[in-house]
Amino acid sequence: MLVLTRKVGERILIGDDVVITVLDSRGDGVRIGIDAPRGVKIQREEVVRAVIEANAEAAAAAAPASEGSDDAEARLRAALGDLRRAPEQG
């Protein structure tokens, strides 16, 4: 990892296409600006992690539902069968 100290207004060049500019420094935070081609993905790590975790939770929640779908279908068929028989009995 390269560690640099920069002042407001100073820049960091990454390759030929990416420029990072220090815009402001306040207390614990630093505001940066990033100039890059449209095809370059720029994402905050915490957002990417949150999406990965949400996708994993959704996949885990969907797995039991799909495993039990045959059981749910059988219960639905049984209930519909009971409804069809009810008028005959009455």
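Residues are numbered from 1 along each chain as its sequence is written, and side-chain values use heavy atoms, with hydrogens and water left out. Because the model is predicted, local features need pLDDT of at least 70 and side-chain atom pairs count only at pLDDT 80 or more, whereas totals for chains, interfaces and linings use all residues. The pLDDT is the predictor's confidence in each residue, from 0 to 100. Its mean over the protein chain is 83, and 81% of the residues reach 70 or more. Confidence is highest in β1, at a mean of 97, and lowest in helix α2 (residues 69–89), at 65. Where pLDDT is low, the predicted coordinates should not be read in detail.

Helices (H or I, at least four residues) and strands (E, at least two) were taken as DSSP runs, numbered from the N terminus; two strands were considered paired if DSSP finds at least two bridges between them. Three strands form an open, antiparallel sheet in the order β1-β2-β3. Since β1 (11–14) and β3 (29–35) stand at the edges and each has a single partner strand, one side of each is left without a neighbour in the sheet. Neighbouring strands are turned by 25° against each other on average, direction ignored; for this angle, axes are lines fitted to C-alpha atoms (for helices over the stretch in contact), and angles run from 0 to 180 degrees between N-to-C directions.

The antiparallel strands β1 and β2 (residues 18–26) are joined by four bridges, and Arg-11 has Thr-21 of β2 as its bridge partner. The hairpin of these two strands has three residues between them, and Gly-15 takes a positive phi near 60°. Seven bridges connect β2 with β3, again in the antiparallel sense; here Val-19 is partnered by Asp-35 of β3. In the hairpin of β2 and β3, two residues separate the strands, and Gly-27 in the turn has a positive phi of about 50°.

Four salt bridges are present (a side-chain nitrogen of Lys or Arg within 4 Å of a carboxyl oxygen of Asp or Glu). Among them, Glu-10 pairs with Arg-6, with the closest N and O atoms 3.5 Å apart. Accessibility was classed as buried under 20% relative accessible area, exposed over 50% and partly exposed in between (1.4 Å probe, protein chains only). Glu-10 counts as partly exposed because its relative accessibility is 28%, and Arg-6 likewise at 36%. Glu-46 and Arg-44 meet at 3.0 Å, N to O; Arg-44, at 54% relative accessibility, counts as exposed. In a further salt bridge, the closest N and O atoms of Glu-45 and Arg-49 are 2.7 Å apart. Both residues of the Glu-45 and Arg-49 pair lie in helix α1 (residues 45–67), four residues apart, about one turn of the helix.
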